[in-house]
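Hi everyone, thanks for making the time today. Let me put the model up on the screen, and then I'll walk you through a few places in it.

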Amino acid sequence: MRIEEIHIYGYGKFENVKFTNLGKKQIFFGNNEAGKSTIMSFIHSILFGFPTKQQTELRYEPKKGAKYGGQLIVYFPNYGRAIIERVKGKATGDVVVRLENGQIGGEEFLKELLSSMDKHLYTSIFSFNLHGLQNIHLMKEQDLGKFLFSIGTVGTDQLVKAENQLTKELDTRFKNNGRNPQLNVKLKELQQLRGELKKAERNNDQYLSLLQKRDGIQFEIQQLKRALTECRSKKEKWEKLDRVYPLYQDGKILKNELTQYENITFPDKGIEQLDQLMGLHTQAKRKVNTLEQRLEHLKGELEQLTPNFELIHKENEINTVVENLPLLDKTKQELIGLQAQMKRLEEELIFLHKKIHLPLSQQDIITINTSVFVKEKVVSLNSKQKSLTDKKQELDERFQEEKARLEELESKERELKQELLPEEERKKLEDLLSRSKAKEYVLFQKENMEEKLVSLKKSLQKEKRRSSQHKVQNIVLGILFISLSVWGIFSDTRSFLLLGGLGLLFIIWSFLKDSSAKEIRSIQSEIAHLKEKKSAYEQELRTPLNHFERFQIQIDQDNETREQLKQLSHMLKNQHNQYNHIVDLFEQWEHNEAALHRELLEMGKELKLPNHIALYHLNDAFEIIDELKKMYVEKESLMKRINANEATIKDIVSLLEELSLQLLQNVNTSHHETAYLLKRSLRQELEKHIQYQEKQEQYRQLEEEYKVEQIELKEIGAEIDQLYQIAGTQDEIDFREIGKKAQLKADLINKWNNIDIQLKLSQIDFAELESIDDQAIGEKIEGIEIEIEELEQRITGNNEELADVKHKITMIEEGGTYAELLHRYKQLKYEFESDAKEWVKFSVAKDILQKTINNFKEVWFPKMLAKAEEFLQFLTGGNYIRILPKQDSSGFIIERKDHLLFEANELSQATTEQIYISIRLALAITVYEKYKLPIIIDDSFVNFDQTRTKRVIHLLQELDDNQILFFTCHEHLVEYMHWDDVIDMNEERVVS
């Protein structure tokens, strides 16, 4: 089946939109909210019906009034092309299916086309998204293996949920040696109630008296607590007065002291300002005197310094001459080195020619192609040759390893088969072990049997008495009818004879039809049956518990051995495949080696090499030829550099000799001495000129600084006079005296402000502080503390008495009455029997589910697992090679290439997701291969790295039987896929 066209009339954000020419591998690419999820839902809805209003799925009804629904054009191999149209109508919509041959059908015909596939099964098998992968990370460790197993059966985690729900229901009802389950709790409570039925409550009058006494004590305690609260409030108030009263007294004293300093005015931080200004005034005055002396000294120095400006004008020429001297030395030295390098290069050329020992001229070597492409090809051939050599060594080692591994596994399989329990012995142990379950339930059944036996014995005695009375009556009547018959015979009275005969017949019929005898036999038979069951229960209860534990250990050990044998069987099969694979690899190696020889000979011809060198020394010969080629190029370059250096030396020497004649008139000195004399003379004159300019600048700066300091000295004097004016003084001595008094006033004000804040925060009435003293406060607090202590003692005594009364009341209430206890016992017994029936139903359901799983494992599971293993090996690059189902539980064991086994929860997140994808795809193309329905994937690989992403996309590309519709918002996934059929969801699509 393949979807070829999507036409949306109105669905979610889409109105009158078409997607045509859908390919076998189709990508829907679009940003978030571009409508990818809407299209997926549309496909599901057209094929299987719109979601109903009672369901939690979104219905995607159009907001602008467009016609709700649309159509799909789908190709079915057995029916041809079909148009499936579904619009709003009944709950799931009205559907019409039209085939190319004119056949028209509805919902039933669509189900026939889809092979009765429903929406839930389709989304479970063929449609999955990132949420399915994320579910793996939310699973508990112990449930992860079961989750993957469930995915491998129906495509979702339904089996895990069903099994967990059944286990939870069973565990909440009953557990061996459990305490909290319902049946365990009720069974224990039944045993306790049976012992309490013999007790009854007495002294009801005492109970009423205790209730009255309890209420009276509680009322008295409430009264005492209210009084205690009032006393504590009074104590807190007087303690606050005790803390505030000293502050109040200190505040009164400070107010009196402040009246002495009311008329003092003084600038803020006046003393500090005066000290700072006096210091600045002294410094400024000293600086003015110093500047006057320095100005006079600079005038004399300027008169003595006068530079020679004529020599300074020659500065550029002299610098050029001096700067070229290092270049001259360097060029001479480099020329010597180049000449030596040329000689060495010629020697190396001779050596390499002798080493390769081939009749190749310089022109031949230069014309040989040694480009990077040829070099890469040579390196590649050398790498292949080395790889083939290493591969053969590796194959030899692997052959021995796989052979030893195969022999080891076969030996281990024989050992495990010897450790298995015989089937008859295992069945016997399982039967014994099954009888150990629900031992408390067995005890309850035994006691129930005893009660029924007592009841049946009473019924038996009653029936025997009734049967005995009936027999006596029949005997009396029989004697009477016999006498009547005898009388009829002797008296020859036929009526008496007939009456007596009929009576005897009635007595005989009564004996034969006696129901009491049958009832007695039935009761006796039931009693015998109950005795046998009771005996069996007693025998079961007498079986020591440690025997059952030993049986369980033996069963567990045998299960573990069988599981190991199962895994070992898979490993043996794999090992045989590995062994055969090594043999195939040997043949492939020989084929590759022959192909490599041909390539080496072809490359040797291209490099002008003999066959023996091309086959065994190609890489070395190429490197020598490439080195020779480089040396010849280097030789030409060296010759050019030697000629250039000789020209440079000639130019520099000519310029230096010309300057020496013009400036020094001395031609007998060396080049370096001449340059030194020129540079020294120039430096001396330049230094004089610099000193002259510096002295001029210093004189100008000192003049400006002298003017600024004079202005600053005047300003400081004015600020000092302003301070004296604010304080109302004329000199420094009076100013400092007023400053001391102002500081005392400020300290007093700060102290008063602190006390005033504390008094306001205390919220105490000052009038109340005026009317008390220290002694009165102390006496008041002491009296209140004594009263509080007395109240607390009375409350403690009442609490102890109240606790004793409540204990007595509780003891009476917990006992209950005989009628109440009997009613509770009967009710609890009925509830226990009902809960036991529920427990049996869930136990049977879990057993049926397990049998269903086992049947699937035997029929379809091997085929699906083989395909999943193939996918997993590809996705993990051969790191994981097997998926082994557990023998006695719903889970998987994963085998790595080094034959180590892992539980599902022991693997990394990425590997677990690869297992999930392998199982889902394998399930779709094996168990459900006849359906060939489109596989819909919504951004399921965004968490994979680059390597894993490429592998999973390559795997999808290889799935030819199913159409794949891939929805994504990630551009890098589109680039990896390289599929031509890409629909950009970001573009507008409207059909006219």
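Predicted model: local features only at pLDDT ≥ 70, side-chain atom pairs only at ≥ 80, totals over all residues.

Residues are numbered from 1 along each chain as its sequence is written, and side-chain values use heavy atoms, with hydrogens and water left out.

Let's start inside. In soluble globular proteins, nonpolar side chains tend to be buried together. By nonpolar core I mean a set of buried Ala, Val, Leu, Ile, Met, Phe, Trp, Tyr and Cys residues joined through side-chain atoms within 4.5 Å. Buried is under 20% relative accessible area, exposed is over 50%, and partly exposed is in between, using a 1.4 Å probe and protein chains only. The largest core here holds 78 residues, and Ile6, Phe19 and Phe28 have the most contacts inside it. Its top contributor is helix α27, residues 909–925, with nine residues. Helices here are DSSP runs of H or I with at least four residues, strands are runs of E with at least two, and both are numbered from the N terminus. Apart from that core lies another, of 40 residues, including Leu358 and Ile624.

Now, which residues does threonine 968 touch? Contact means heavy atoms within 4.5 Å. Leaving out residues up to four places away in sequence, the partners of threonine 968 include Phe28, Lys36, Asp939 and Val974. Threonine 968 sits in strand β13, residues 964–968, and is buried, at 0% relative accessible area. Its side chain also reaches the backbone nitrogen of histidine 970 at 3.0 Å.

Asparagine 16, in strand β2 (residues 14–19), has phi near 55 degrees and is partly exposed at 31%. Tyrosine 60 has a phi of about 55 degrees; it lies in the loop between α1 (36–48) and β4 (69–76), and is partly exposed at 22%.

Glutamine 701, in helix α21 (residues 671–727), is 406 residues from leucine 295 in sequence, yet their C-alpha atoms are 10.0 Å apart.

Finally, isoleucine 508 belongs to helix α16, residues 494–512, and is partly exposed, with a relative accessible area of 48%. Thanks, and I'm happy to take questions!

Methods:
Polar contact = N/O pair within 3.5 Å; in protein donor to acceptor, adjacent residues only side chain to side chain.
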